[in-house]
Each structure stands twice: as structure tokens, then as C-alpha cells.
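Please read these points with the model open beside you.

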Amino acid sequence: MENREEIENIHLQNVLQGLKEKISKYASLQEEKGIQILARFMKFALEIKKTYNAIVESSKGSLILTFTFSSKKGYDLYKEDLERGIIGQKILQLVLYPPYLASFDLQAEDLVVCLNGQKLTQDSGDNDESIHNKSPNREACADHPDHYYMMACQQCQLPVCVQCMESSEHKDHDLNDLGASLRKRIAEDYKNIQQGIRSQNQLWLEKKRLALEVKEIQSRMTAKYHALKQLLEEVFQQHLNDIERFQESQSDIIGKKINDTDQYISLLMKNFKEISESLPAKALIQLKSCSLKKDLFQPSEIDNLKFDENDTKLSDINDLFGILNIPKIPRSESGIELDKIDDSELVDEVSNVEEVKDMKLAIIEVPPGVSNFEYTGQQQIKLTLATSFSLSRTASHVSPVSSNRAWVSDFYGDLYLSDDIGYKHYQLKTLSGGSGSHTVTKEGELIFINPDKEIMKISKDFEKEDLNIRLPYSMIPSCVYSSHFNADLLIGMWSKISGMGTWLRISETSKEESYPLQYYEDKLLYEYPQYITENNNHDVIVCDSSKEALVVTNFWGDLRFCYKGHPKKLGFEPNGICTDSWAHILVSDLASNSVQVIDKNGHFLFPLLISSYGFERPFCLNLTQDTLWVGIQSYPLMLVYDVQYDDQK
């Protein structure tokens with residue numbers, strides 16, 4: 001390798017020396033211009049070597065350049081650039097350098113430059129057009145109409161012609177290929193667009209998080225206020241009761257004394273009347289027998305009732321109520337500080353943009369205020385993040401009751417009714433593990449499988465009822481779904497003994513039971529039905545995690561198709577499933593890290609929520625009233641999206 005580089009350096013030195021001798025021979029040049037010309041030829045030779053892995057050699061006696069290629073890859077690239085006119089532009093830039101032409105007393109129109117026998121410039125006496133004159137993309141210089149744009153100034157980011165290169169504005173600036181400069185600039189601008197969208201998405205999510213945080217604190221403060229108010233009301237009422245009891249007890253004591261005094265006074269008055277009618281001696285004896293109860297005339301000793309009012313301060317109330325710590329708001333001279341984003345996360349090449357456009361995508365997650373991307377070829381779905389909230393554990397299944405309330409279960413079997421800010425209204429137990437173990441009826445009632453493998457119902461008033469459904473021997477229920485068309489109940493089940501899975505339909509009207517086909521072409525259709533749902537055309541869709549497929553049958557249980565993901569080389573790890581008003585089937589796929597959308601016949605349409613702007617691995621999902629609930633597996637989080645469709649189906 002070192003010998004090869006030494007040989008190439010020797011060739012390069014010979015070329016430069018030969019060029020210097022020709023320049024000195026053909027013209028008497030000033031030293032400054034001679035250095036510029038030599039530097040230009042050196043730059044040309046180095047660029048050819050770097051780009052095409054070729055050595056430039058100069059023949060003796062004339063200015064003829066020969067390219068010697070050391071690799072097929074470099075030669076193929078050279079041929080591509082030759083067809084695109086890039087090689088011709090480089091040679092014209094080299095030869096038509098004004099100081100070089102001036103040293104020969106020539107104009108560009110006086111010179112004929114050939115490349116592989118074809119003219120690169122137009123001969124004044126010939127009407128044949130050159131290679132570049134045939135290019136429909138050739139543009140005349142705005143400042144020098146007689147010349148065409150040939151290169152791009154790297155510092156000014158503008159196209160330049162031969163005359164522009166020698167102007168004071170672009171002199172000594174670095175020059176690049178015009179097309180390459182444009183592609184580079186487009187790639188940079190596209191990176192900036194991607195970074196802006198990512199930053200804006202982060203800001204929208206931060207704003208939503210702030211609103212939820214404020215709402216949560218306000219809710220807690222309101223609850224604390226009502227709790228303190230209740231406690232204060234209880235203390236106040238207790239004091240009133242104590243005062244009333246004290247008043248009642250003291251009033252009884254005083255009343256008793258009043259009665260005793262009244263009786264004594266009556267007795268004395270009676271004796272006084274009898275004494276007044278008796279002789280003196282007899283009266284004295286009678287008075288002696290009537291003792292005076294002096295304590296009756298003593299006032300009751302009752303302690304004074306007191307109420308000590310504490311000198312209440314605002315700080316005491318704050319300590320009692322709770323301290324609110326508001327962080328300082330950072331200020332920036334620029335107004336907004338965007339998080340730094342690693343360029344490796346963005347699209348590096350413009351060609352990647354074309355690849356995205358070629359995909360038949362729907363509208364991917366778009367936070368509020370961000371315009372949706374436009375794609376053609378499929379119905380469009382626009383998802384706008386309405387709210388999100390954290391969970392105590394990763395959600396395994398969600399059954400929406402309305403657009404702002406849903407039943408959510410986790411892998412530990414905790415099942416609770418939550419609103420769209422994460423507040424739990426009611427909690428109970430269901431099957432542990434990740435499966436569709438609960439569903440909501442059209443009337444809004446909950447049907448779920450309890451830990452004892454029994455099918456239960458919870459009314460809107462939270463009254464529990466056992467549906468008394470008896471499954472076949474050794475079959476264990478794994479998932480359940482209530483039809484919103486006819487209220488039929490679909491129950492997925494499996495057997496530890498046989499390793500076989502199936503599902504059961506229980507008619508709401510006749511209570512008859514029906515089963516689907518168990519085998520198709522001697523192959524078992526189901527092993528472990530993890531989730532089950534129904535489409536608008538009454539197809540039954542089962543997510544079978546063991547078979548890594550969606551098994552879709554018609555109403556009667558006849559197989560229609562099996563879907564095994566897209567693209568198949570990534571594999572398929574299906575989990576939560578649901579359908580929409582278009583009869584689309586939505587399935588969360590951990591393998592592609594997205595929500596895949598297929599039509600009712602099993603054809604892949606487009607992915608949704610690709611990486612979900614940092615929220616990895618969507619696991620469970622459900623759709624109701626144009627609201628999509630998505631549980632994220634990477635960390636406990638529930639995302640709630642508003643769903644919009646284009647006007648025509």
C-alpha cells in the first residue's frame with residue numbers, strides 16, 4: 001500500500017512539474033498569477049485522485065491530460081459524472097481560467113477544448129453544439145450573460161461562472177461542483193426541517209405534560225382544601241356540641257338548686273304560719289326542729305367558659321395546607337431554547353426523503369399545531385395527541401368506555417377505570433399477564449375474566465354479576481369481546497393439556513354457542529388467542545401470539561386469511577388489536593415498533609406511530625368515537641389521540 005502511494009505521489013509531482021514547464025514555456029507570467037495557475041492545476045489533480053482514484057498525467061509537447069484509473073469503482077463513477085457533464089465542467093473550469101487564457105492572449109471563444117474527441121466549447125466557425133450546449137439545465141450567469149454557471153462558491157453559497165470566479169467578491173473562495181453543492185444544501189435544509197419538527201413535537205409534548213401536571217396539582221390542592229374544610233367543619237361542630245352539652249349539664253345543676261330552694265322556702269312559709277298561731281314557747285321548739293340549709297342560698301361555683309383564639313398567621317395556614325414550590329422560569333434572549341438533537345437521528349441524505357414518499361403511509365403522529373404530511377395512494381389518517389398520562393405499571397389491555405374514560409389492565413392483573421388524565425375511579429382484579437381479558441359492551445358495562453377464570457359483568461353502578469358461562473373441559477379463557485352489532489360474546493380460550501386454542505361465540509338472543517374451524521389444511525389454526533375483536537363486516541379477528549399471526553375468520557368461523565406482518569423479514573410480534581370505521585385492522589407490532597394498518601382482506605396499508613417520537617414499543621390499543629388509546633411498553637405510559645380521516649371513503 002505504501003509503495004502504491006509513493007508511485008502515485010511521484011506521478012503527481014511529474015504532472016505538476018510538467019504543467020509548470022508548459023506554463024513557463026508558453027507564456028511569460030507574473031509570479032502571483034503563476035502560483036494561482038499552478039495551484040489550480042494541483043487542485044484539479046488532487047480532486048481527480050480523491051474522487052475517482054485516478055492519476056492525472058501530462059503528455060510532453062502539448063497540454064494533453066491522461067487519466068489512469070486504479071479501481072473499477074472509480075472508473076464507473078467517472079463515467080457517470082462524464083455523462084452528467086461534471087467532468088466537462090471541471091476541465092473547462094481548469095482550462096478557461098482567465099489568468100491562464102490571458103497569458104496566451106486568448107479569449108474563451110478562441111479556444112477549442114475536447115474531451116474524448118468531443119468538443120466542450122463551441123467553435124466560432126462551426127454551428128455544432130457542444131456537450132454542455134445540449135444540456136437543457138444550463139443557466140446563463142445573471143451578472144455575466146455571456147457565461148454560464150459552472151461552479152458554486154462555498155463561502156457565498158451562490159452559483160458562479162468563469163468571470164465570477166475572478167471577481168473580488170469570490171476571489172480566493174473555495175469552489176465546489178454546482179450539483180453537489182445543491183444536494184448538500186438541500187440535505188442540510190432537510191435536516192433543519194426535521195430538527196424543527198422534532199423540536200416542535202417536543203415542545204408540544206412538554207406543553208401537554210405541563211398542563212397535565214398543573215391539572216394534577218390543582219386537583220390535589222382542591223382535594224386538600226375540601227379535606228381541611230371538612231376537618232375545620234368537624235372541629236367547629238365538635239366545639240358547638242361541647243358547648244351545648246356543658247350548658248345543658250350546668251343548667252340541670254342550677255335548676256335542681258332552684259327546686260330545692262323553692263321547696264325550702266315553701267316549708268319555711270308553712271312553719272311561719274303555724275308559729276304565728278302558737279304560743280311563744282311552742283314556737284321556739286318548732287323553729288328548733290326546722291334547720292336552715294344555708295348552702296341553698298350560696299351561688300353555684302361555675303368556671304367561666306373560655307374560647308382561646310389562636311393568633312393564626314398565613315405561614316401557619318401554608319404549613320397546614322401544604323407548600324407550593326414553583327420553579328423559576330428560565331429566560332433566554334432568543335425566546336425559545338430548543339433541545340439539542342443528535343444529527344444521527346435525522347435523515348442524512350435527500351434520497352431518504354424520496355424513499356419515505358414512495359411508501360404508502362398514512363399520516364403519522366402529529367402534535368397539535370403541526371401540519372400533517374401529505375401522502376397519496378391511500379386513505380389518510382391524522383393522529384393528534386390529545387393527552388397522555390403515566391401508569392403505575394405497563395398497560396396490557398385497554399377497553400374505552402368513552403373518549404375520556406377507559407378500563408385499563410396491567411400484567412399483574414390490576415384492572416381499573418381511568419380518565420384521560422390518569423385518575424382511577426374504580427379498581428378490581430382480572431387475569432394477570434398480557435391479554436385482552438376485558439371488554440366494554442355497547443351499553444357501557446364491563447365484562448371481564450376474574451383471577452378464578454370466571455366471566456363476570458360490572459354494571460355502570462359497579463354492581464358485580466357472574467354470567468355463569470361454563471367452558472369446555474380443560475379450556476381456559478384468555479380474552480373476551482362484546483360485539484357492538486348484536487351484543488354476542490366472543491371468548492378466546494386455550495388448553496394446557498392439548499396445546500390447542502379456539503374461540504366461542506355466545507348469541508345474546510338465543511344463547512346458542514358456536515365454534516370456528518379448528519384446522520385448515522391439516523394445520524391447527526389457533527394455539528393461544530391473546531386478543532379478540534370483531535370488524536365492521538362481522539369478521540372475527542384473533543391475535544395469536546404463539547403462532548405470531550392474526551387469524552381472521554368470517555361470522556361463522558370459516559378462515560378468510562392469516563396475516564403475518566410487513567415486511568416479513570422483520571418478523572411479527574402482534575399484540576393489541578382493534579378496528580375502525582373503514583374496516584381497517586390496527587395491530588400493535590413490537591417487531592417493527594409500530595402500529596400496522598391492514599385492510600379487511602389482509603393487505604398491508606401503512607404503519608402508524610413509527611417509534612412514536614421517542615415512545616418505543618406500542619403494546620395495547622383500542623379505538624372508540626374517533627379516539628385512539630395506545631399503551632406504551634417501554635415505560636408505563638398511555639397516549640390518547642384524536643383521530644381524523646379524509647372526507648371520502
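**Notes on the model**

1. Leucine 305 sits in the loop that runs between α8 (280–289) and α9 (314–321); helices (H or I, at least four residues) and strands (E, at least two) are DSSP runs, numbered from the N terminus. The model is predicted: local features need pLDDT of at least 70, side-chain atom pairs count only at pLDDT 80 or more, and totals for chains, interfaces and linings use all residues. Residues are numbered from 1 along each chain as its sequence is written, and side-chain values use heavy atoms, with hydrogens and water left out.

2. Is leucine 305 buried or exposed? Leucine 305 counts as exposed because its relative accessibility is 56%. Buried means under 20% relative accessible area, exposed over 50%, and partly exposed in between (1.4 Å probe, protein chains only).

3. The largest nonpolar core has 29 residues, and those with the most contacts inside it are Ile48, Tyr52, Ile91 and Val160. Such a core is a set of buried Ala, Val, Leu, Ile, Met, Phe, Trp, Tyr and Cys residues joined through side-chain atoms within 4.5 Å. Its largest share, six residues, comes from α4. A second, separate core of 25 residues includes Ala395, Tyr531, Ile598 and Val640.

4. Strand β17 (residues 475–482) is mostly covered, with seven of its eight residues buried. Over seven bridges, β17 pairs with strand β18 (residues 489–495) in the antiparallel sense; two strands pair if DSSP finds at least two bridges between them. Methionine 475 has serine 495 in β18 as its bridge partner.

5. The hairpin of β17 and β18 has six residues between the strands, and alanine 487 there takes a positive phi near 65°.
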